[in-house]
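Work through the exercises below with the sequence and the structure at hand. Try each task before reading its solution.

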Amino acid sequence: MSGVPLAGRTVLVTRPLPQAAHLAQLIEAVGGKAIIFPVLEILDATDATQINAMIDRLDEFDIAIFISPNAVNKAMNLVRGRRKLPTSLKFAAVGRGSARELKRYGIDEIIVPLAQFDSEHLLALPEMQQVSGKRIIIFRGEGGRELLGDSLLARGAQVDYAECYRRGIPNADAAELLHAWARGEVHAVSVTSTEGLRNLFEMVGKLGRQWLKKTPVFVPHERIAEAARELGVAQVHVTAAGDEGCVQGVINFFNKTS
């Protein structure tokens, strides 16, 4: 990504606030402008006693899997407040962002997919094949997908969930964003989850939904793309995973259309 391939282009960044800055910086590094409008708020878990009890039992587990960067940050801060990490515990992450966050906490050996970043590709790794009898803890938000845990159970692992955060819809004023859309200043939208997509539709209201449906939307997974099409988005583009993949996908799109 050299030069200023996104000069004159504005991208709506909808990631939760803790992760939005990195994507915004990448967009601006290639000449674009980022509008940060988080559509998910990351809150503490409903039941703190449950997650604390799981952390106290970490010595019982062989592998800890982190579903998202938010899971890493919430869980690791809780761990730091209660204990040291077991030296025998192995760490796995669904995506590059989660792996990056784990490294910030001093964890260097991480099981993570090399290309596609989702539960399916983590499950395909050699380290996730022979797990019969292994004790695995999955750090995630409340109400996450069951595919990962169910698949590991089917392979003979013992699986526990540690729900360390919950997602909410921010109480945000969309007026400034709507004014930018009305002026034709929103050229692309980045959405990284189905839940976030639905929240965005709710937050921008009836008028905003009409603009949103006409604006190119960039997502990292076909599952999110399907949800966008069902909601009436006319232009949905699946990019490579991660912030870098998103920016490159936006660049590729505008290179073809300019």
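**Exercise 1. The second largest pocket**

Solution. Note at the start that the model is predicted.
- Step 1. List the residues that line the second largest pocket: Leu85, Thr87, Leu89, Lys90, Phe91, Tyr105, Gly106, Ile107, Glu109, Ile110 and Ile111.
- Step 2. Look for elements that give two or more residues to this lining; they are β5 (90-93) and β6 (110-111).
- Step 3. Sort the lining by class: 7 residues are nonpolar, 2 are polar and 2 are charged. Tyr counts as nonpolar in this sorting, and Gly counts as polar.

**Exercise 2. The strands around β5**

Task: Which helix does the chain pass through from β4 to β5, and which helix makes a β-α-β unit with β5 and β6?

Solution. 
- Step 1. Start with β4 (residues 63-66), which pairs with β5 in the parallel sense over 4 bridges. Within this pairing, Ile65 has Ala92 in β5 as its bridge partner.
- Step 2. Follow the chain from β4: helix α3 (residues 69-82) carries it across to β5, in a right-handed β-α-β crossover.
- Step 3. Turn to β5 and β6, a parallel pair with 2 bridges. Here Phe91 is opposite Ile110 in β6.
- Step 4. The helix in this unit is α4 (residues 96-104), and the unit of β5, α4 and β6 is right-handed.

**Exercise 3. An open sheet**

Task: What is the order of the 5 strands in the open sheet, and which are the edge strands?

Solution. 
- Step 1. Write down the order, β2-β1-β9-β10-β11, with parallel pairing.
- Step 2. Find the strands that pair on one side only: these edge strands are β2 (33-36) and β11 (236-238).
- Step 3. Note the angle: on average, neighbouring strands of this sheet are turned by 25° against each other, ignoring direction.
- Step 4. Examine β1 (residues 10-13). Its parallel pairing with β9 (residues 188-190) has 3 bridges, while 4 bridges join β1 to β2, also in parallel.
- Step 5. Take Val13 as an example: it stands opposite Ser190 in β9, and its bridge partner in β2 is Ile36.

**Exercise 4. The largest cavity**

Task: Which residues line the largest cavity?

Solution. 
- Step 1. Count the cavities of 30 Å³ or more; the structure holds 1. The largest cavity has a volume of about 30 Å³.
- Step 2. Name its lining: Thr14, Pro16, Val39, Leu40, Val191, Thr192, Ser193 and Gly196.
- Step 3. Divide this lining by class, which gives 4 nonpolar, 4 polar and no charged residues.

Technical notes
Residues numbered from 1 in each chain as written. Predicted model: local features only at pLDDT ≥ 70, side-chain atom pairs only at ≥ 80, totals over all residues. Heavy atoms only, no water. 1 Å grid on protein atoms, 1.4 Å probe; cavity = no way out; pocket = protein on both sides within 12 Å on 5 of 7 lines; lining within 4 Å. Pairing = 2+ DSSP bridges. Axes fitted to C-alpha atoms, helices over the stretch in contact; angles between N-to-C directions. Points joined across faces, edges and corners; volume = space filled by probe spheres on them. Right-handed = clockwise from strand over helix to strand, strands pointing away.
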